[in-house]
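Hi,

Here is the structure I said I'd pass on.

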Amino acid sequence: MSLVIIGINHKTATVDLREKVAFSPDRIHDAMKSLASRTRTGEAVIVSTCNRTELYCNNANKEDIIEWLEDYHNLDHSDLMPCIYAYEEQVAVKHLMRVASGLDSLVLGEPQILGQVKQAFVKAKEAGTIALTIDRLFQNTFSVAKKVRTETEIGAAAVSVAFAAVSMAKHIFSSLSTTKVLLIGAGETIELVAKHLKDNGVASMVVANRTLQRAQAMCEEFNATAITLEQIPDFLAKADIVISSTASPLPILGKGMVEKALKQRRHQPMLLVDIAVPRDIEAEVGELDDAFLYTVDDLHSIIEQNMASRKEAAEQAELITEDQSHLFMEWIKSLESVNSIREYRSQSLAIKDELVERALNKLSQGSDSEQVILELANRLTNRLIHSPTQALTSASRQGDLNTLGQLRTALGLDKN
């Protein structure tokens, strides 16, 4: 087997080049078929995301694959080559396992890449560019990624502001299934917060934004209610959690507004997370009883601690991928031995069939049966021992005692 990976990622190439090398969803089916035609086994998978494009091929020449990539995207060789990495055999296997486990991601341990690798695998199946080896490789990889997730803390700690905000809410409320959330803003960060909240089964969400239309567009995806910033006082008292991230130059929530809401709540606690810079929530809100205010600086200190935790987990994950890639190569070697045995057996049977046919012809022509059987035995013995004899002679003449010993063991000469 000659497993080859050719790729570029966020570490080796600029966004501009990554965009040029990316494969659009509507073209990837045909692209994989075209790529597979350059391999000897017709096996190929393309993983293409915003941060990486990687070509996985079995029984292929890496120079051919690079040439195919250049031709397909009409790229100049001198522009692409400094950004390309190429891995083969066990290094390639381990690389795929590291990618799927989030060890090679921009954000260490991020889980989205596993879904993207699975999606690429499904598309390759649909394109018919997967056979035994690649199928087993990707199935093993998915098992390894799951093992990394369950046996290490690689994905347990929050390393994004949005994830950290929701993790803090979960820590304080233990369960979000009965909590009501007010999100202020409708930008990318708040949208990511809403996704994490939905994934954690939050009871209800209200999204307040300066532009109602933008808030409504986001709410459709998360089954939330859209309001304007001016309507916040009408909804604030109902919120157990408030998370704010806008570009407003002035605070949106003041001490007085929050104090009034807490009185309406009969002093039930309220968690407020301000991840805006400059602040959306006045610092004095933190002085109020039953108001627990956290800023982006508080979240960053959590993220730093969690990133250190993920790095420790990554060291454990690296050991898992090293061990599992070695086991996969052992399986590949077992396939090669099966193929060798099958080939050797086929060769021996062909010799037998040839000599038996010759003997039967002589018997049908009236030759002496004892002489025919003796000749058959001698010819069969000579043909079968010819290659082993040559190998023994060559190893002996070259003084290659290691090979000589292996041949003697294989031929049953050294029973011990």
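Below is what turned up about the aromatic rings.

One heads-up: this is a predicted model, so local features need pLDDT of at least 70 and side-chain atom pairs count only at pLDDT 80 or more, while totals for chains, interfaces and linings use all residues. Residues are numbered from 1 along each chain as its sequence is written, and side-chain values use heavy atoms, with hydrogens and water left out.

There are nine aromatic pairs in the structure. Rings of Phe, Tyr and Trp (its six-membered ring) pair if their centres lie within 6.5 Å; planes under 30 degrees apart are stacked, over 60 edge-to-face, and the rest tilted.

One of the pairs is Phe-23 with Tyr-72, which is tilted, at 5.3 Å centre to centre and 40° between the planes. This pair links distant parts of the chain, 49 residues apart: Phe-23 is in the loop between helix H1 (15-21) and helix H2 (28-36), and Tyr-72 is in helix H3 (residues 62-73). (Helices are DSSP runs of H or I, at least four residues, numbered from the N terminus.)

Phe-138 and Phe-142 have ring centres 6.3 Å apart and planes at 65°, so they count as edge-to-face. Both Phe-138 and Phe-142 are buried, meaning under 20% relative accessible area (1.4 Å probe, protein chains only). Ring pairs also join them with Tyr-56 and Phe-121 in a cluster.

Lastly, Lys-118 lies over the face of Phe-142, 5.7 Å from the ring centre. That label needs NZ of Lys or CZ of Arg within 6 Å of the ring centre and within 35 degrees of the ring normal.

Cheers

Note on methods:
Helix = DSSP H or I, 4+ residues; strand = E, 2+ residues; numbered from the N terminus. Buried < 20%, exposed > 50% of the residue type's maximum accessible area, 1.4 Å probe, protein only.
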